[in-house]
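User: Let us go through this model by question and answer. Please set out the terms as they come up.

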Amino acid sequence: QVQLVESGGGLVQPGESLRLSCAASVRITRPNVMCWYRQAPGNGRELVAGITSAGRTDYIDSVKGRLTISRDNAKNTLYLQMDNLKPEDSAVYFCNAQIEMEQGQWTYYWGQGTQVTVSS
């Protein structure tokens with residue numbers, strides 16, 4: 001079982017920055033993809049960015065150039081550096097781990113979420 005704990009959310013003004021962290025309770029040695037999702041009020045959960053165990057990254061278009069996903073495998077920690085934040089980035093941000101427990105069988109784990117509010 002993998003537990004994920006997010007931190008780093010808060011209230012900032014447009015144009016400011018935040019860094020989210022997600023600490024995993026164990027070292028993940030199986031093939032995996034770590035992701036950040038977000039959910040704004042009245043909306044479904046949206047994939048924001050992902051990073052493979054090899055370090056390959058991908059982003060949705062609306063955050064490219066402003067948000068950066070990274071991971072420190074030695075610390076079992078996932079990060080999301082958020083720069084030039086906009087009001088439309090306001091949401092609860094969730095950490096997600098997708099782990100290939102057996103070949104072709106993937107298990108998903110979720111954190112509890114951290115609130116990001118961008119407002120003047």
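Analyst: Buried means under 20% relative accessible area, exposed means over 50%, and partly exposed lies in between (1.4 Å probe, protein chains only). This is a predicted model: local features need pLDDT of at least 70, side-chain atom pairs count only at pLDDT 80 or more, and totals for chains, interfaces and linings use all residues. Residues are numbered from 1 along each chain as its sequence is written, and side-chain values use heavy atoms, with hydrogens and water left out.

User: Is Cys22 buried or exposed?
Analyst: The relative accessibility of Cys22 is 1%. The limit for buried is under 20%. Cys22 is therefore buried.

User: Which cysteine does Cys22 join in a disulfide?
Analyst: A disulfide is a pair of cysteine sulfur atoms within 2.5 Å. The whole structure holds one. Its S to S distance is 2.0 Å, and the partner of Cys22 is Cys95.

User: How many residues apart are Cys22 and Cys95?
Analyst: Strands are DSSP runs of E, at least two residues, numbered from the N terminus. The disulfide has a left-handed link, with -75° about the S-S bond. It connects distant parts of the chain: Cys22 sits in β3 (residues 18-24) and Cys95 in β9, and their separation is 73 residues.

User: How far is the nearest cysteine sulfur from that of Cys35?
Analyst: Cys35 is buried, because its relative accessible area is 4%. Cys35 takes part in no disulfide. The nearest cysteine sulfur belongs to Cys95, at 8.8 Å.

User: Where is Asn76, the residue with a positive phi of about 55°?
Analyst: Asn76 is not a glycine, yet its phi is positive. Asn76 counts as partly exposed because its relative accessibility is 23%. Its place is the loop between β7 (67-72) and β8 (77-82).

User: What is the relative accessible area of Asn84?
Analyst: Asn84 lies in the loop between β8 and β9 (91-102). Its phi is also positive, near 50°, in a residue other than glycine. Asn84 is partly exposed because its relative accessible area is 43%.

Terms used:
Helix = DSSP H or I, 4+ residues; strand = E, 2+ residues; numbered from the N terminus.
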